[in-house]
Amino acid sequence: MNNKSYKVKKQIFNILVTIVFFSVLISLLILGIVQKDKKFSDTENRNLASFPQISLSAVLDGRFMTEFENYLSDQFFVRNSIVSLKTQISRILGNSEVNGVYIGKNGRLYEVQSLFDDDSVSETVSKINSFSQSNDIENQFMMLVPNATQILKDDFPMLLETADQTEFINIIYSELDSSIECLDAVTPLNNYENKSELYFYTDHHWTSQAAFCVFKYFAEEKDFDFEENKYEINTVSNTFQGTLSSSSGIYDNYDDISVVFPISSIGKFYINNFDTKEKYVSCFNSEKLKTTNQYEVFFGGNFSRIQIVTDNLNGKNLLVIKDSYANCFVPLLIPYFESIVMIDPRYFTDDIENVLEMTDFTHLLYLYNVNTFLEDTSIIDMLEN
Amino acid sequence: MVFSSVTFLTVFLPLTVILYFLPSFFIKNSNELKCILVYKNSILCFASLLFYAWGEPRNIILMLLSICFNFTIALHIERCRESLNQRKLLLIFAVVFNIGLLVFFKYSGFLIDNVSLLLNVPSKFVEPALPIGISFYTFQILSYVIDVYKNKVKVQKNIMYFALYVSMFPQLIAGPIVQYSVVAEQLSKRKETFENVTEGIFIFIKGLAKKTILANTAGSIFEAFTINGYDNLSFVSAWFAIIFYSFQIYFDFSGYSDMAIGLGRIFGFSFPENFNHPYVAESVTDFWHRWHITLSSWFRDYVYIPLGGNRCSVKRNIFNLFVVWSLTGLWHGASWNFLLWGLYYFGLLVLEKFLIGNIIEKLPKFIRRIITYIFVLFGWVLFVCTDISEILHFVKSMFGLTGIYHLGDFYNIYSNMVMLLIMVLCSTSLFAFRSKSDAKFKRFIKAFVSIFLFFLSIVYLIGDTYNPFLYFRF
């Protein structure tokens with residue numbers, strides 16, 4: 001009798017497990033279907049997969065099946081919460097790296113240090129050297145800016161060590177032609193009092209404060225006509241979550257974006273965007289503060305060629321070959337030049353000679369963040385001839 | 001299709017199970033049992049073909065061709081009972097056909113590359129795409145044809161049942177390699193019970209967790225340690241890298257086997273175990289009794305023993321082992337490093353069998369396990385590096401000849417310490433309940449652990465699909 005009731009109980013248990021398991025599987029599918037398809041993921045900044053179109057060719061080459069799986073997983077029930085739960089679990093287990101982003105103390109996010117590849121660095125440097133000899137621009141400068149991984153080591157996650165960017169910068173500087181003057185951005189950043197405001201918590205860029213700090217240092221060093229009260233600093237956003245947040249999916253912190261710019265009494269200027277064929281009167285595009293990537297507030301983002309024309313007819317013309325680190329730095333230079341042309345080799349497909357012909361440049365500045373300089377090869381392509 | 005995909009878990013599996021079991025709820029009349037079996041087998045066979053076609057639809061033609069050919073040839077072998085020569089001829093024809101297909105699809109690129117290298121003529125040969133699972137189903141088919149020839153099993157007269165044996169989706173893509181004799185009876189007579197289904201679910205979840213939680217994590221940790229390439233490792237990173245690789249390959253493979261066994265159980269099949277905690281093996285011989293068991297059994301039954309096994313001279317015995325282990329190596333992939341890996345085990349096994357076996361037995365158990373594991377790790381180096389110079393670099397690093405540690409090594413160790421501990425524990429038999437004393441308690445624990453693991457597996461599976469698009473990366 002006892003034995004029989006045990007068997008009955010066991011059978012009930014088994015039936016229960018079976019029913020629960022398969023109903024969970026089916027309900028996951030149904031919940032995914034019932035929930036309205038999302039078109040775009042804000043956190044990932046990409047379109048989510050939608051139900052794939054069925055066609056014979058798509059089925060035969062397996063494309064349909066891959067897209068179908070992407071559709072199901074992209075539209076999975078409460079997917080966003082599941083993703084952040086997974087990150088939480090792996091952090092609890094001691095892992096402070098997510099998708100190539102380190103999570104430091106106070107939630108500061110760091111990007112992985114790029115590798116120093118001798119061959120590609122030498123090639124870039126030799127292209128720059130031969131370019132500097134072939135053109136007749138009088139004053140040439142190079143500034144490589146370290147990023148948070150170098151300047152803010154205090155907030156590093158436990159035991160993390162990264163390669164020394166100062167060393168990388170010194171090697172590159174030592175290989176450059178003597179006609180190029182190398183600017184030291186490391187010293188002013190290292191000596192800055194409130195270091196944590198030099199870099200964003202959630203983005204890989206330096207802040208306007210950092211750019212201004214480096215600019216002031218050069219103003220003193222080079223002894224040029226500079227008065228701090230001719231610059232204005234404004235905080236334009238306190239809801240910025242940058243590239244490191246989206247790479248890692250960690251949205252714990254918000255950053256402020258500040259802009260530093262010369263006050264209007266200094267003179268008039270306009271900006272000429274060669275890509276969009278638009279002209280503006282400000283370096284800042286506040287419309288971009290309403291988008292996901294608020295960093296594009298500086299010049300509206302990265303473009304192949306931007307020209308700033310001022311009414312300061314001093315005959316000084318500056319060519320900047322740059323990455324996005326220049327975007328918050330260049331506004332500071334406006335009072336000193338008649339015109340400034342910014343070229344971003346990553347988007348520039350024209351011939352650089354055409355740019356040189358149009359303006360009689362007196363100054364040339366290469367401005368890069370160390371990581372971009374190590375990784376990006378577009379500058380080689382641009383200076384090829 | 002793979003088991004650890006949303007398509008499989010939420011669409012394919014529930015639909016197949018519902019269709020499969022549906023009539024059982026309405027028909028209780030025993031006269032109709034035969035009908036139900038045909039229905040169930042057709043559902044399972046159709047589902048399996050769909051499962052296979054889902055990944056690469058074109059390969060299904062090759063598989064159907066193979067099924068028809070082998071089904072027919074086995075019938076012919078059976079039919080000419082009297083003429084031994086004819087039977088032999090048919091068998092040779094079948095073996096050549098099956099091995100030929102395998103060689104063409106899996107090894108032709110490798111062979112032609114090496115021949116052209118040898119003759120110093122450039123080859124323009126375009127390697128055919130490898131049909132998924134071909135190494136597994138070819139071996140299953142061979143076991144059938146050979147056993148029919150040896151009269152060990154009855155010939156299968158129903159082509160649908162035979163197709164089901166070859167294509168059965170649980171074990172189709174990554175084993176276990178089920179010999180025909182094991183499931184011959186189950187194909188036409190098996191009992192699905194709620195008990196089996198429940199047990200199957202538990203085993204399946206165990207496998208899913210191994211794959212999604214442990215194997216994938218171990219894989220990404222392995223990548224973190226080898227981020228600068230295999231020829232830039234330090235002593236510390238080389239050892240940790242290969243340890244995590246050993247866990248990746250074990251949890252991946254044994255997880256897949258568990259899922260296969262669990263799914264089989266749900267449909268009333270009982271497949272042989274494929275892994276038995278290989279990393280606690282006490283000798284290399286023991287390791288191969290615990291690692292990919294169905295593959296070693298297949299080679300034992302269809303290569304080693306037919307060659308004479310160990311019932312012959314020592315010289316011949318060593319030769320037999322040499323053949324078996326070269327083939328085992330090459331079975332894992334068409335590349336020199338796999339052959340080398342096979343020969344490495346040939347060397348170790350011969351050494352153990354004929355020379356130092358007695359010495360090893362005298363060592364304490366703990367030491368034996370550590371030594372065995374270290375030899376297995378060196379084996380994985382041969383497995384993971386595809387060219388010889390990489391292997392040399394890797395081994396050099398393991399001997400500390402390329403620097404003791406790199407920047408970042410200690411950070412990587414520190415952040416993955418807990419995971420490493422979990423993996424070590426899960427690869428031992430600590431968590432395997434062996435006592436049958438309190439079955440009721442055990443069942444509830446199993447149920448709770450399974451619910452938890454299933455939840456975690458889904459979290460890891462979906463969590464890994466996070467795929468940000470960074471057009472504003474710069």
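A term first: buried means under 20% relative accessible area, exposed means over 50%, and partly exposed is in between, with a 1.4 Å probe and protein chains only. The areas themselves come from the Shrake-Rupley method with a 1.4 Å probe, and for residues only the protein chains shown count as cover.

On provenance, this is a predicted model, in which local features need pLDDT of at least 70, side-chain atom pairs count only at pLDDT 80 or more, and totals for chains, interfaces and linings use all residues. Residues are numbered from 1 along each chain as its sequence is written, chains are lettered from A and ligands numbered from 1 in the order in which they are written, and side-chain values use heavy atoms, with hydrogens and water left out.

Confidence next. The model scores ipTM 0.82 and pTM 0.86. pLDDT is the predictor's confidence in each residue, from 0 to 100. For chain B the average pLDDT is 87, and 96% of the residues score at least 70. Where pLDDT is low, the predicted coordinates should not be read in detail.

Now the salt bridges. I count one when a side-chain nitrogen of Lys or Arg is within 4 Å of a carboxyl oxygen of Asp or Glu. Over all chains, the structure holds 24 of these salt bridges. One of them joins the side chains of A:Asp252 and A:Arg91, at 3.5 Å from N to O. That pair links distant parts of the chain, 161 residues apart: A:Asp252 is in the loop between helix H10 (243–248) and strand E9 (255–262) of chain A, and A:Arg91 is in helix H4 (residues 79–92) of chain A. Helices (H or I, at least four residues) and strands (E, at least two) are DSSP runs, numbered from the N terminus. A:Arg91 counts as partly exposed because its relative accessibility is 29%.

Also in chain A, A:Lys230 forms a salt bridge with A:Glu227, with the closest N and O atoms 3.8 Å apart. A:Lys230 is partly exposed at 33% relative accessibility, and A:Glu227 is partly exposed at 38%.

In chain B, the side chains of B:Arg368 and B:Glu282 meet in a salt bridge at 3.5 Å, N to O. B:Arg368 lies in helix H15 (residues 365–384) of chain B and B:Glu282 in the loop between H10 and H11 of chain B, so this pair ties together parts that are 86 residues apart in sequence. B:Arg368 is buried at 17% relative accessibility, and B:Glu282 is buried at 19%.

On to the rings. Rings of Phe, Tyr and Trp (its six-membered ring) pair if their centres lie within 6.5 Å; planes under 30 degrees apart count as stacked, over 60 as edge-to-face and the rest as tilted. A search of the whole structure finds 96 aromatic pairs over all chains. In one, the rings of A:Phe212 and A:Tyr231 have centres 5.5 Å apart and planes at 50°, so the pair is tilted. A:Phe212 lies in helix H9 (residues 208–221) and A:Tyr231 in strand E8 (residues 231–240), both of chain A, so the pair ties together parts 19 residues apart in sequence. A:Phe212 is buried, at 9% relative accessibility, and A:Tyr231 is buried at 9%.

There are also charges over rings, meaning NZ of Lys or CZ of Arg within 6 Å of the ring centre and within 35 degrees of the ring normal. The charged end of A:Arg108 sits over the ring of A:Tyr201, 4.1 Å from its centre. In chain B, the charged end of B:Lys106 sits over the ring of B:Trp331, 5.2 Å from its centre.

Last, the surface. A nonpolar patch of about 830 Å² is made by residues of both chains, including A:Met158, A:Leu159, B:Phe235 and B:Tyr414. Patch residues have over 30% relative accessible area and no salt bridge; like charges are joined within 9 Å, and nonpolar side chains (Val, Leu, Ile, Met, Phe, Trp, Tyr) within 5 Å. Helix H17 (residues 409–427) of chain B gives the most to the patch, with four residues. B:Phe235 lies in helix H10 (residues 235–266) of chain B and is partly exposed at 32%.
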